[in-house]
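Me: I've got a structure open and want a quick tour. Can you walk me through it?

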Amino acid sequence: MLAKIKSYGLMGIEGFAVSVEAYVSRGMPAYDTVGLPDAAVRESKERVRAAIRNSGFEFPVQRVTVNLAPADLRKEGSVYDLPIAIGLLAATEQIAPSPLLEECLFLGELALDGTLRGVPGILPMVIGAYGQGIRKVILPRENAAEASYIEGVEVYAAENLRQITAFLGGEPTLTKEKTRTWDSASIAYSMDFADIRGQQGAKRAAEIAAAGGHNLLLVGTPGSGKTMLARSIPSILPELTFEEALEITKIQSVAGTLRGTEGMASERPFRSPHHSASTASLIGGGTRAMPGEISLAHYGVLFLDEFPEFRKETLEALRQPMEDGVVTITRATARSTYPAQFMLVAAMNPCPCGNFGSRTAQCRCSQGQISRYLGRISGPMLDRLDLHVEMSEVGYEDIASKSRGEPSAVIRERVNKARSIQVERYKKEGILFNAQLTSRMTGNFCILDEGAERLLQKAFASLHLSARAYTRILKVSRTIADLEGSEKILAHHVAEAVQYRSLESKYWGDTRR
Amino acid sequence: MNNRERGAKGERIALAYMERQGYTLLKKNFRAERCEVDLILEQGDTLVFAEVKARSGSGYGFGREAVTPAKQRNIITGAQAYLLQTNRFEADIRFDVLEVDLLTEKVEHIKDAFTL
């Protein structure tokens, strides 16, 4: 007997329909799984056998062939346990034919006792299946939350195999999950901008970066608050939109970091890998081409503290995804494309000892040491960091002062306003914020008035700017104008944007040019 | 009692047990090439190839442990030869192990002990 069950597979965060075909025939008892299964899929045989027996059914003592179609795409993970078990039960007529068998999508791992276990990647699978016309999904209870955000899909969450077979037999053992509506919950942040003393300039730069999704470089002496500022940035990031939350969740779902949560991302990710991070862990990789830190930071912040301490090739590997917003990981057996639209916040000391340029401490580094240290940050990388800010030691008056700074909630309000202007403006372009503008789009949306034009021309010559730096200044000016609610980009907007490029000549000027 | 007699006694006890369970004997000690199948039985549409393991005491472990992968391959090849000779390809096929305790004459029947 032959049975066909619908399931789903993933390649990166995109999926493909998998038809699980179970064929049971007379002959020498044997069990074969075909259709490019990986080790976890091949091992499903033992889990399925035990689960079927422990659920009170017979495992066929016959020639069993399980085919996962299409046969030319690699099938990974334990998600096929459930469809294989259901297929075998249907093929051996231990469950009666039912229209549900053809309509439903089956996903889930089986424990030996027939209990269902959650699997990673459910959200992108259900979204993909919905696009292919599937409207009913049976999956493990553990994965119910993330799947129930998709409108139009009936989600049935099950605890064990027995419940599902009874449900397919017409018993009401499973009930439809309520469709969840998503809202960006008000999150309690542990860090607040109000607690950062002084550093007005850096705070302003952080606000601009947050509003337009720009990259930020913080240079400063040890203890000047670079790390504290960076860690406070999540508290001023704009609210998530549903589309953004969906993409973030897709990546987390594939990476398997979603388990035990509400099912949908409610805040922007903040990732801060240590500087010993390998290129593959940052960019993505491994034999299965899994997403790396830059993709996990999609629509959020990637914070790289001690920026020059990262390995050179690791930093240089960031360049292409920073420009494109996506990264394609290619391995011998897998190729995946992941979005990586992150806001890079990099923090560094001005020299190895940290005191170069300090007002209070003496720098002990030689000129060579300093230029070698700064030289680890390449020109092309510096070009891609839109806002460069210097942070110096906080004076006594600032530390001791009782008055608190502007709270994050107030700044976030401004950021939200600027962000919604951008979302509205780029509705037809398919982008969400200024940092995503392509150079073609900047021509349409970054209109400079005459004074601004002249100013930029002067700056371009005197600061020896590259073409890339030019477009990036335009985008930052756009954000500064948006924060002010101005449709036109005026001279003082450009002036501020250009000013965030001046550090380059101060620190890197004589080492590079 | 030497080893061969012990084996023969085990097979007698196992066969008697299987016949009480409703199986019919088709062939005893089927040999082909270098393979041997102790008992070939039939019940309904199902052909059973059974390996009998006799033990007097547990000093050498369970009988089922003695059916190693090599021994399994041996039985499978024997089964294939039998099917070829008798043209019984339409049948359901099962490989069983029968553990016989020679002291108590008890039989432990392990159905579907292994597959291809």
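Me: Which residue is the bridge partner of A:Leu216 in E18(A)?
Reply: A:Leu387 is the bridge partner of A:Leu216 in E18(A). Keep in mind that this is a predicted model.

Me: How many bridges join E10 of chain A to E18(A)?
Reply: Five bridges join strand E10 (residues 216-220) of chain A to E18(A). The two strands run parallel.

Me: And what sheet are they in? Which order do the strands take?
Reply: They belong to an open sheet of five strands, in the order E11-E14-E17-E10-E18 (chain A). The pairing is parallel. Strand E11 (270-271) and strand E18 (387-391) of chain A are the edge strands. Each of these pairs on one side only.

Me: Which helix packs on that sheet?
Reply: Helix H7 (residues 200-212) of chain A packs on the sheet. H7 touches E10, strand E17 (343-348) and E18 of chain A. The direction of H7 makes about 155 degrees with that of E18(A).

Me: Next, E15 and E16 of chain A. Parallel or antiparallel?
Reply: Antiparallel. Five bridges join strand E15 (residues 326-330) to strand E16 (residues 335-339) of chain A. One pair to click on: A:Thr328 has A:Thr337 as its bridge partner in E16(A).

Me: How many residues sit between E15(A) and E16(A)?
Reply: Four residues lie between them, and the two strands form a hairpin.

Me: Switching to domains. How is chain A divided?
Reply: Chain A has domain 1 (2-168) and domain 2 (193-512). The centres of domain 1 and domain 2 of chain A, taken over C-alpha atoms, are separated by 44 Å. The contact takes 15 residues from domain 1 of chain A and 16 residues from domain 2 of chain A.

Me: Which elements of domain 1 give two or more residues to the side that touches domain 2 of chain A?
Reply: Strand E1 (2-11), helix H4 (122-131) and helix H5 (144-147) of chain A. H4(A) gives the largest share of that side of domain 1, three residues.

Me: What classes do the residues on that side of domain 1 divide into?
Reply: Nine nonpolar, three polar and three charged, on the side of domain 1 of chain A that touches domain 2 of chain A.

Me: Helix packing now. At what angle do H1 and H2 of chain A cross?
Reply: Roughly 55 degrees. The axes of helix H1 (residues 39-54) and helix H2 (residues 81-91) of chain A come within 10 Å. That angle makes H1(A) oblique to H2(A).

Me: Left-handed or right-handed crossing for H1(A) and H2(A)?
Reply: Right-handed.

Me: Which residues make the contact?
Reply: From H1(A), A:Ser44, A:Arg47, A:Val48, A:Ala51 and A:Ile52. From H2(A), A:Asp81, A:Ile84, A:Ala85, A:Leu88 and A:Leu89. By class, the contact of H1(A) with H2(A) has seven nonpolar, one polar and two charged residues.

Me: What about A:Glu306, is its phi positive or negative?
Reply: Positive, near 55 degrees, in a residue other than glycine. A:Glu306 lies in the loop between strand E14 (301-304) and helix H12 (312-317) of chain A. As background, most residues other than glycine have a negative phi, and most peptide bonds are trans.

Me: On to chain B. What is the strand order in its open sheet?
Reply: E1-E2-E3-E4-E5 (chain B), five strands with mixed pairing. Strand E1 (24-32) and strand E5 (106-110) of chain B are the edge strands, and each pairs on one side only. Neighbouring strands of this sheet are turned by 30 degrees against each other on average, direction ignored.

Me: How do E2 and E3 of chain B pair?
Reply: In the antiparallel sense, over five bridges, between strand E2 (residues 35-43) and strand E3 (residues 46-55) of chain B. B:Glu42 has B:Leu47 as its bridge partner in E3(B).

Me: Which strands does helix H1 of chain B touch?
Reply: Helix H1 (residues 3-20) of chain B packs on the sheet and touches E1, E2, E3, strand E4 (92-101) and E5 of chain B. Its direction makes about 135 degrees with that of E3(B).

Me: And where does H2 of chain B lie?
Reply: Helix H2 (residues 69-86) of chain B lies across E1, E2, E3 and E4 of chain B. H2 of chain B runs at about 60 degrees to E2(B).

Me: Last one. How many residues of chain B are in contact with chain A?
Reply: Nine residues of chain B, in contact with eight residues of chain A. The chain B side that touches chain A has four nonpolar, one polar and four charged residues.

Definitions and conventions
Residues numbered from 1 in each chain as written. Chains lettered and ligands numbered in written order. Predicted model: local features only at pLDDT ≥ 70, side-chain atom pairs only at ≥ 80, totals over all residues. Pairing = 2+ DSSP bridges. Axes fitted to C-alpha atoms, helices over the stretch in contact; angles between N-to-C directions. Contact = placed C-beta atoms within 7 Å. Parallel < 35°, antiparallel > 145°, perpendicular 65-115°, else oblique. Left-handed = near helix turned anticlockwise from the far one by under 90°. Nonpolar A, V, L, I, M, F, W, Y, C, P; charged D, E, K, R; others polar. Domains from an automatic or database assignment.
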